[in-house]
Amino acid sequence: MIEGVHHGSVVVLGADGEVRFRLGDTEAAFYPRSALKPLQAVAMLRAGLDLDGDLLSLAAASHSGEERHLDGTRRILERAGLPEAALRNTPDMPYDPVVRDTWVREGRGPSRLAQNCSGKHAAMLWTAQLNGWSLDDYLDPAHPLQRAIADTVEDLTGQRVANVTVDGCGAPLFAVSLHGLARALARITTAAPGTPEARVADAMREHAEMASGVRRDVAALMRAVPGLLAKDGFEGVQVAALPDGRAIAVKIADGADRARIPVAAAALVHAGIDPALLTDFAGAPLLGGGRPVGAVRTVPALDPAS
(Lines give C-alpha, C1' and ligand atoms only; values in the text may rest on other atoms or scores of the structure.)
Protein backbone atom coordinates (compact mmCIF):
# COMPACT_ATOMS: atom_id res chain seq x y z
CA MET A 1 0.00 0.00 0.00
CA ILE A 2 1.25 3.50 -0.86
CA GLU A 3 1.34 5.59 2.30
CA GLY A 4 2.56 8.92 0.92
CA VAL A 5 3.57 10.60 -2.31
CA HIS A 6 6.12 13.36 -2.92
CA HIS A 7 5.74 15.45 -6.07
CA GLY A 8 8.58 17.33 -7.71
CA SER A 9 10.58 18.09 -10.83
CA VAL A 10 13.78 16.65 -12.29
CA VAL A 11 15.93 17.44 -15.33
CA VAL A 12 18.85 15.55 -16.87
CA LEU A 13 21.30 17.18 -19.28
CA GLY A 14 23.55 15.32 -21.68
CA ALA A 15 27.21 16.14 -22.23
CA ASP A 16 26.13 18.36 -25.13
CA GLY A 17 23.95 20.45 -22.80
CA GLU A 18 20.70 19.19 -24.29
CA VAL A 19 17.84 17.98 -22.10
CA ARG A 20 17.83 14.17 -22.12
CA PHE A 21 15.06 13.65 -19.60
CA ARG A 22 12.63 15.78 -17.63
CA LEU A 23 9.62 15.41 -15.39
CA GLY A 24 7.60 18.27 -13.98
CA ASP A 25 8.11 21.96 -14.69
CA THR A 26 11.85 22.45 -15.07
CA GLU A 27 11.60 25.99 -16.47
CA ALA A 28 9.65 27.59 -13.61
CA ALA A 29 11.58 29.86 -11.27
CA PHE A 30 12.31 28.45 -7.81
CA TYR A 31 14.76 29.08 -4.98
CA PRO A 32 17.78 26.72 -5.17
CA ARG A 33 18.63 27.45 -1.52
CA SER A 34 22.10 26.11 -0.66
CA ALA A 35 22.45 24.38 -4.03
CA LEU A 36 23.38 27.89 -5.24
CA LYS A 37 26.56 27.94 -3.13
CA PRO A 38 28.97 26.63 -5.80
CA LEU A 39 27.84 29.55 -8.00
CA GLN A 40 28.32 32.00 -5.14
CA ALA A 41 31.82 30.63 -4.57
CA VAL A 42 32.68 31.08 -8.26
CA ALA A 43 31.51 34.68 -8.02
CA MET A 44 33.78 35.33 -5.05
CA LEU A 45 36.81 33.88 -6.82
CA ARG A 46 36.03 36.03 -9.85
CA ALA A 47 36.01 39.00 -7.47
CA GLY A 48 39.49 38.16 -6.19
CA LEU A 49 38.97 35.78 -3.27
CA ASP A 50 42.21 33.88 -2.60
CA LEU A 51 41.04 30.43 -1.48
CA ASP A 52 41.59 26.87 -2.66
CA GLY A 53 41.47 23.36 -1.24
CA ASP A 54 39.54 22.65 1.93
CA LEU A 55 38.81 26.29 2.71
CA LEU A 56 37.34 26.91 -0.75
CA SER A 57 35.20 23.81 -0.30
CA LEU A 58 34.04 25.26 3.02
CA ALA A 59 33.18 28.55 1.29
CA ALA A 60 30.71 26.57 -0.86
CA ALA A 61 29.49 24.42 2.01
CA SER A 62 26.35 23.70 3.93
CA HIS A 63 28.51 22.22 6.65
CA SER A 64 27.51 19.98 9.54
CA GLY A 65 29.06 22.05 12.32
CA GLU A 66 31.90 19.61 12.97
CA GLU A 67 35.05 20.98 14.56
CA ARG A 68 36.83 20.93 11.17
CA HIS A 69 34.15 23.30 9.84
CA LEU A 70 34.33 25.69 12.77
CA ASP A 71 38.12 25.70 12.62
CA GLY A 72 38.05 26.29 8.85
CA THR A 73 35.75 29.28 9.24
CA ARG A 74 38.07 30.70 11.89
CA ARG A 75 41.01 30.23 9.51
CA ILE A 76 39.25 32.18 6.75
CA LEU A 77 38.47 34.99 9.17
CA GLU A 78 42.05 34.99 10.45
CA ARG A 79 43.40 35.33 6.90
CA ALA A 80 41.11 38.30 6.44
CA GLY A 81 42.12 39.73 9.82
CA LEU A 82 38.49 39.81 10.92
CA PRO A 83 36.82 38.73 14.17
CA GLU A 84 34.00 36.21 14.44
CA ALA A 85 31.76 39.13 15.41
CA ALA A 86 31.97 40.37 11.81
CA LEU A 87 29.79 37.46 10.67
CA ARG A 88 26.16 38.40 9.96
CA ASN A 89 24.71 34.93 9.36
CA THR A 90 21.87 33.73 11.60
CA PRO A 91 23.07 31.98 14.80
CA ASP A 92 22.12 28.31 14.89
CA MET A 93 23.04 24.94 16.34
CA PRO A 94 25.19 22.50 14.34
CA TYR A 95 23.30 20.81 11.48
CA ASP A 96 24.60 17.29 12.21
CA PRO A 97 22.35 15.69 14.87
CA VAL A 98 25.24 13.87 16.56
CA VAL A 99 27.25 17.09 16.84
CA ARG A 100 24.14 19.00 17.90
CA ASP A 101 23.41 16.51 20.70
CA THR A 102 26.95 16.96 21.98
CA TRP A 103 26.49 20.73 22.01
CA VAL A 104 23.26 20.37 24.00
CA ARG A 105 24.91 18.07 26.55
CA GLU A 106 27.72 20.61 26.92
CA GLY A 107 25.23 23.43 27.44
CA ARG A 108 26.28 25.29 24.29
CA GLY A 109 23.78 27.40 22.40
CA PRO A 110 23.33 28.67 18.84
CA SER A 111 26.27 30.50 17.29
CA ARG A 112 27.12 32.10 13.97
CA LEU A 113 30.19 29.89 13.68
CA ALA A 114 28.16 26.67 14.04
CA GLN A 115 25.49 27.71 11.53
CA ASN A 116 25.89 25.71 8.32
CA CYS A 117 26.67 28.73 6.11
CA SER A 118 29.42 30.27 8.25
CA GLY A 119 32.18 29.33 5.79
CA LYS A 120 30.36 31.10 2.97
CA HIS A 121 29.82 34.18 5.11
CA ALA A 122 33.47 34.30 6.17
CA ALA A 123 34.46 34.09 2.50
CA MET A 124 31.97 36.84 1.62
CA LEU A 125 33.52 39.11 4.25
CA TRP A 126 37.04 38.49 2.96
CA THR A 127 35.93 39.08 -0.64
CA ALA A 128 34.35 42.39 0.36
CA GLN A 129 37.45 43.42 2.28
CA LEU A 130 39.77 42.57 -0.63
CA ASN A 131 37.75 44.86 -2.87
CA GLY A 132 37.48 47.71 -0.39
CA TRP A 133 33.74 47.21 -0.05
CA SER A 134 31.87 47.89 3.20
CA LEU A 135 31.56 44.96 5.60
CA ASP A 136 28.62 45.76 7.87
CA ASP A 137 26.11 45.58 5.01
CA TYR A 138 27.66 42.78 2.93
CA LEU A 139 24.27 40.95 2.93
CA ASP A 140 22.38 43.83 1.34
CA PRO A 141 21.21 42.77 -2.16
CA ALA A 142 22.43 46.17 -3.41
CA HIS A 143 25.95 45.60 -2.01
CA PRO A 144 28.66 45.28 -4.72
CA LEU A 145 29.41 41.74 -3.54
CA GLN A 146 25.81 40.59 -3.91
CA ARG A 147 25.47 42.32 -7.27
CA ALA A 148 28.60 40.47 -8.43
CA ILE A 149 27.10 37.19 -7.23
CA ALA A 150 23.82 37.91 -9.03
CA ASP A 151 25.77 38.63 -12.24
CA THR A 152 27.61 35.32 -11.93
CA VAL A 153 24.37 33.42 -11.28
CA GLU A 154 22.90 34.91 -14.45
CA ASP A 155 26.08 34.16 -16.42
CA LEU A 156 26.33 30.51 -15.35
CA THR A 157 22.62 29.71 -15.57
CA GLY A 158 22.17 31.59 -18.84
CA GLN A 159 19.03 33.32 -17.59
CA ARG A 160 17.91 36.37 -15.67
CA VAL A 161 17.30 36.12 -11.94
CA ALA A 162 13.52 35.92 -11.59
CA ASN A 163 13.24 37.03 -7.97
CA VAL A 164 15.36 37.84 -4.93
CA THR A 165 14.59 36.94 -1.33
CA VAL A 166 16.54 36.22 1.87
CA ASP A 167 17.89 32.72 2.58
CA GLY A 168 17.78 31.17 6.04
CA CYS A 169 21.33 32.36 6.77
CA GLY A 170 20.46 35.95 5.88
CA ALA A 171 22.19 36.11 2.49
CA PRO A 172 20.33 37.15 -0.67
CA LEU A 173 18.82 34.18 -2.53
CA PHE A 174 18.24 34.28 -6.27
CA ALA A 175 15.44 32.43 -8.07
CA VAL A 176 16.31 30.58 -11.30
CA SER A 177 14.92 27.54 -13.09
CA LEU A 178 15.86 23.92 -12.42
CA HIS A 179 17.14 23.72 -15.99
CA GLY A 180 19.29 26.80 -15.44
CA LEU A 181 20.73 25.40 -12.20
CA ALA A 182 21.74 22.15 -13.93
CA ARG A 183 23.30 24.17 -16.78
CA ALA A 184 25.29 26.23 -14.27
CA LEU A 185 26.77 23.21 -12.51
CA ALA A 186 27.67 21.67 -15.87
CA ARG A 187 29.54 24.85 -16.76
CA ILE A 188 31.41 24.64 -13.46
CA THR A 189 32.49 21.02 -13.98
CA THR A 190 33.54 21.48 -17.61
CA ALA A 191 35.52 24.70 -17.13
CA ALA A 192 39.19 24.90 -18.06
CA PRO A 193 41.73 24.08 -15.32
CA GLY A 194 42.68 27.02 -13.15
CA THR A 195 39.48 28.99 -13.78
CA PRO A 196 37.31 29.99 -10.82
CA GLU A 197 34.76 27.38 -11.89
CA ALA A 198 37.31 24.56 -12.04
CA ARG A 199 38.85 25.60 -8.73
CA VAL A 200 35.47 25.36 -7.01
CA ALA A 201 34.72 21.96 -8.58
CA ASP A 202 38.14 20.58 -7.65
CA ALA A 203 37.93 21.84 -4.07
CA MET A 204 34.46 20.42 -3.43
CA ARG A 205 35.24 17.02 -4.96
CA GLU A 206 38.58 16.67 -3.17
CA HIS A 207 37.16 17.84 0.16
CA ALA A 208 33.60 16.50 0.04
CA GLU A 209 33.28 16.27 3.82
CA MET A 210 34.32 19.92 4.14
CA ALA A 211 31.53 20.90 1.75
CA SER A 212 29.00 18.94 3.83
CA GLY A 213 29.93 16.56 6.64
CA VAL A 214 31.22 13.11 7.50
CA ARG A 215 27.71 11.64 7.80
CA ARG A 216 26.09 13.50 4.89
CA ASP A 217 24.61 11.73 1.87
CA VAL A 218 25.94 14.33 -0.58
CA ALA A 219 29.53 13.56 0.46
CA ALA A 220 28.84 9.83 0.13
CA LEU A 221 27.40 10.42 -3.33
CA MET A 222 30.54 12.24 -4.48
CA ARG A 223 32.72 9.43 -3.11
CA ALA A 224 30.59 6.79 -4.85
CA VAL A 225 30.59 8.33 -8.34
CA PRO A 226 34.07 9.21 -9.67
CA GLY A 227 34.34 12.85 -10.77
CA LEU A 228 30.86 13.82 -9.56
CA LEU A 229 30.27 17.29 -8.11
CA ALA A 230 27.11 17.41 -6.01
CA LYS A 231 25.40 19.98 -3.81
CA ASP A 232 22.23 19.73 -1.79
CA GLY A 233 19.89 22.46 -0.62
CA PHE A 234 17.09 22.83 1.90
CA GLU A 235 13.53 22.28 0.68
CA GLY A 236 14.39 19.16 -1.32
CA VAL A 237 16.95 20.51 -3.80
CA GLN A 238 19.80 18.47 -5.29
CA VAL A 239 22.12 19.24 -8.18
CA ALA A 240 25.04 17.20 -9.55
CA ALA A 241 27.30 17.23 -12.59
CA LEU A 242 30.13 15.22 -14.16
CA PRO A 243 33.34 16.49 -15.78
CA ASP A 244 31.94 15.84 -19.28
CA GLY A 245 28.96 18.14 -18.66
CA ARG A 246 26.25 15.63 -17.86
CA ALA A 247 24.14 17.12 -15.09
CA ILE A 248 20.98 16.57 -13.07
CA ALA A 249 18.87 18.83 -10.89
CA VAL A 250 16.01 17.88 -8.56
CA LYS A 251 13.41 19.89 -6.66
CA ILE A 252 10.96 18.08 -4.37
CA ALA A 253 7.87 20.28 -4.27
CA ASP A 254 6.98 19.73 -0.61
CA GLY A 255 10.61 20.10 0.48
CA ALA A 256 10.82 16.50 1.71
CA ASP A 257 14.45 15.56 2.21
CA ARG A 258 13.80 11.80 2.16
CA ALA A 259 12.75 11.96 -1.50
CA ARG A 260 15.72 14.08 -2.64
CA ILE A 261 18.47 11.47 -2.90
CA PRO A 262 16.41 8.57 -4.36
CA VAL A 263 15.17 10.86 -7.16
CA ALA A 264 18.68 12.23 -7.72
CA ALA A 265 20.05 8.68 -7.93
CA ALA A 266 17.44 7.74 -10.53
CA ALA A 267 18.25 10.89 -12.50
CA LEU A 268 21.96 10.00 -12.45
CA VAL A 269 21.11 6.60 -13.95
CA HIS A 270 19.29 8.49 -16.72
CA ALA A 271 22.53 10.47 -17.16
CA GLY A 272 24.41 7.24 -17.80
CA ILE A 273 25.86 6.43 -14.37
CA ASP A 274 26.22 2.72 -13.58
CA PRO A 275 23.28 1.80 -11.33
CA ALA A 276 25.61 -0.43 -9.31
CA LEU A 277 27.33 2.72 -8.02
CA LEU A 278 24.02 4.08 -6.74
CA THR A 279 22.48 1.15 -4.87
CA ASP A 280 23.11 2.82 -1.50
CA PHE A 281 21.08 5.86 -2.57
CA ALA A 282 17.85 4.17 -3.67
CA GLY A 283 16.03 5.22 -0.48
CA ALA A 284 16.17 4.46 3.22
CA PRO A 285 13.89 1.66 4.47
CA LEU A 286 10.82 2.47 6.55
CA LEU A 287 11.00 0.65 9.86
CA GLY A 288 8.31 -1.03 11.94
CA GLY A 289 9.34 -2.53 15.25
CA GLY A 290 12.93 -1.90 14.26
CA ARG A 291 12.61 -3.97 11.07
CA PRO A 292 12.16 -2.84 7.44
CA VAL A 293 8.47 -2.92 6.51
CA GLY A 294 8.52 -0.52 3.55
CA ALA A 295 10.70 1.68 1.42
CA VAL A 296 10.86 5.01 -0.35
CA ARG A 297 10.64 4.24 -4.07
CA THR A 298 10.73 6.38 -7.19
CA VAL A 299 7.76 6.29 -9.55
CA PRO A 300 7.91 4.10 -12.69
CA ALA A 301 8.30 7.20 -14.87
CA LEU A 302 11.78 7.68 -13.34
CA ASP A 303 12.87 4.13 -14.20
CA PRO A 304 15.18 4.31 -17.24
CA ALA A 305 13.96 0.88 -18.34
CA SER A 306 10.45 2.25 -18.76
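Me: Is Tyr95 buried, partly exposed or exposed?
Reply: The model is a predicted one. Buried means under 20% relative accessible area, and exposed means over 50%. Tyr95 has a relative accessible area of 29%. That value falls in between, so Tyr95 is partly exposed.

Me: How many aromatic pairs are there, and is the pair of Tyr95 and Phe234 stacked, tilted or edge-to-face?
Reply: The count comes to one aromatic pair. Tyr95 and Phe234 form this pair, with 5.7 Å centre to centre and 35° between the planes. Planes under 30 degrees apart would be stacked, and those over 60 edge-to-face. The pair of Tyr95 and Phe234 is tilted.

Me: How many residues apart in sequence are the parts that this pair ties together?
Reply: Tyr95 lies in the loop between helix 3 (67–80) and helix 4 (97–105). Phe234 lies in the loop between strand 6 (229–233) and strand 7 (237–241). The pair therefore ties together parts whose separation in sequence is 139 residues.

Me: What is the relative accessible area of Phe234?
Reply: Phe234 is partly exposed. Its relative accessible area is 37%.

Me: Where does Arg33 lie, given its positive phi?
Reply: Arg33 is not a glycine, yet its phi is about 55°. Its place is the loop between strand 3 (29–30) and helix 1 (37–46).

Me: Is Asp167 buried or exposed, and which residues does it contact beyond four places in sequence?
Reply: Asp167 sits in the loop between strand 4 (163–166) and strand 5 (172–177). At 11% relative accessibility it falls under the 20% limit, so Asp167 counts as buried. Leaving aside neighbours within four places in sequence, its contacts are Arg33, Ser34 and Leu173.

Me: How far is the charged end of Arg108 from the centre of the ring of Trp103?
Reply: The charged end of Arg108 sits over this ring. The distance to the ring centre is 3.8 Å.

Me: What is the volume of the largest pocket, and which residues are closest to its centre?
Reply: The largest pocket has a volume of about 710 Å³. It is lined by 29 residues. Those closest to its centre are Gly4, Val5, His6, Arg297 and Val299.

Me: Which element supplies the largest share of the lining of the largest pocket?
Reply: The lining of the largest pocket divides into 17 nonpolar, eight polar and four charged residues. Strand 1 (8–13), strand 8 (247–252), helix 11 (257–270) and strand 10 (291–295) each supply at least two residues. The largest share is four residues, and it comes from helix 11.

Me: How far apart in space are Leu268 and Ala240?
Reply: Leu268 lies in helix 11 and counts as buried at 2% relative accessibility. Beyond four places in sequence, Leu268 touches residues including Leu221, Ala240 and Ile248. Leu268 and Ala240 are 28 residues apart in sequence, and their C-alpha to C-alpha distance is 8.3 Å.

Me: What separates the C-alpha atoms of Pro83 and Ala122?
Reply: Pro83 lies in the loop between helix 3 and helix 4. Pro83 is partly exposed, with a relative accessible area of 49%. Pro83 and Ala122 are 39 residues apart along the chain, and their C-alpha atoms are separated by 9.7 Å.

Methods
Residues numbered from 1 in each chain as written. Predicted model: local features only at pLDDT ≥ 70, side-chain atom pairs only at ≥ 80, totals over all residues. Heavy atoms only, no water. Phe/Tyr/Trp six-rings, centres within 6.5 Å; stacked < 30°, edge-to-face > 60°. Buried < 20%, exposed > 50% of the residue type's maximum accessible area, 1.4 Å probe, protein only. Lys NZ or Arg CZ within 6 Å of the ring centre and 35° of its normal. 1 Å grid on protein atoms, 1.4 Å probe; cavity = no way out; pocket = protein on both sides within 12 Å on 5 of 7 lines; lining within 4 Å. Points joined across faces, edges and corners; volume = space filled by probe spheres on them. Nonpolar A, V, L, I, M, F, W, Y, C, P; charged D, E, K, R; others polar. Contact = heavy atoms within 4.5 Å.
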